[in-house]
Amino acid sequence: SNSHKVSNLNNAYEVVNKLNSIKFEINDLLLNYLENEGQWLLDEIRLKSRNDEWVYILLTLQLAKAFSGNTFYFSHYLDWRGRIYNSSFFLNYQGNDLSSSLILFNEGKKLTETGKYYLYVALANNHNELNISKKSFWERYNWVIINYNKIINLDRELILKAEKPFNFISLALSLREYS
């Protein structure tokens, strides 16, 4: 018989406790964008969404507004296979595009040149034009160089073609602030 037993429970408890101690905050830059100049994206999505999907989006945004300006923590749990999950439903860094894009680490670090390189890679990954996420990091970096002006100007057509538009916008807003 196959028995599923998590070994090294002490290590697992330490990891869960460590995750539970990480401070988070709402991505106010993205939230403010969506409430103002980016309202057009929510309007586009509303037209394409089922009612239950739209309600989920609205609840996620309302929860983000409620937590905005505050530091908070997530609760995690370990399943029988040893996998760790976030307990939060609407705001969750393991969640959908909107949910994960609205969450930031509370204690960040200054962006280095290496960090900027990986920001570019992440931008290309979240847009994923022509499956660029499967290409080399250098090709992804160059995709951002080629599309740089459209990205920092938050070009609507480019955003609408993104595989993960909310994460893409979040990263584009960060790049715009960094530039």
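A helix here is a DSSP run of H or I covering at least four residues, with numbering from the N terminus. Please bear in mind that this is a predicted model.

Under that definition, S100 belongs to helix α5, which covers residues 97–101. Is S100 buried or exposed? S100 is buried, because its relative accessible area is 17% and the cut-off for buried is under 20%. Beyond the residues up to four places away in sequence, S100 touches N92, Y93, G95 and N167. With N167 there is also a polar contact between the side chains, at 3.0 Å.

Setting aside neighbours within four places in sequence, the residues in contact with H127 are W143, L158, K161, A162, E163 and F168. As for L158, its backbone oxygen is 2.8 Å from a polar atom of the H127 side chain. N86, by comparison, is 41 residues from H127 in sequence, and their C-alpha atoms are 25 Å apart in space.

Let us now consider a pair of helices. Helix α2, residues 28–35, packs with helix α3, residues 39–48, at an angle of about 70 degrees, and the axes are 5 Å apart. The two helices are therefore roughly perpendicular. Which residues meet there? From α2 they are Y33, L34 and E35, and from α3 they are Q39, W40, L41 and L42. Sorted by class, this contact has 5 nonpolar, 1 polar and 1 charged residues.

The last topic is charge pairing. Side chains of opposite charge can pair when their charged atoms come close. How many salt bridges does a search of the whole structure find? The search finds 5. In one of them, E35 pairs with K65, with the closest N and O atoms 3.3 Å apart. Because E35 is in helix α2 and K65 in helix α4, residues 51–67, this pair ties together parts that are 30 residues apart in sequence. E35 is partly exposed, at 34% relative accessibility, and K65 is partly exposed as well, at 38%.

A further salt bridge joins the side chains of E37 and R176, at 3.9 Å from N to O. This pair links distant parts of the chain, 139 residues apart: E37 is in the loop between α2 and α3, and R176 is in helix α9, residues 165–178.

Finally, R50, D52 and E53 are linked in a network of salt bridges. Within it, the closest N and O atoms of D52 and R50 are 2.9 Å apart.

Technical notes: Residues numbered from 1 in each chain as written. Predicted model: local features only at pLDDT ≥ 70, side-chain atom pairs only at ≥ 80, totals over all residues. Heavy atoms only, no water. Axes fitted to C-alpha atoms, helices over the stretch in contact; angles between N-to-C directions. Parallel < 35°, antiparallel > 145°, perpendicular 65-115°, else oblique. Contact = heavy atoms within 4.5 Å. Nonpolar A, V, L, I, M, F, W, Y, C, P; charged D, E, K, R; others polar. Polar contact = N/O pair within 3.5 Å; in protein donor to acceptor, adjacent residues only side chain to side chain. Buried < 20%, exposed > 50% of the residue type's maximum accessible area, 1.4 Å probe, protein only. Salt bridge = Lys/Arg side-chain N within 4 Å of Asp/Glu carboxyl O.
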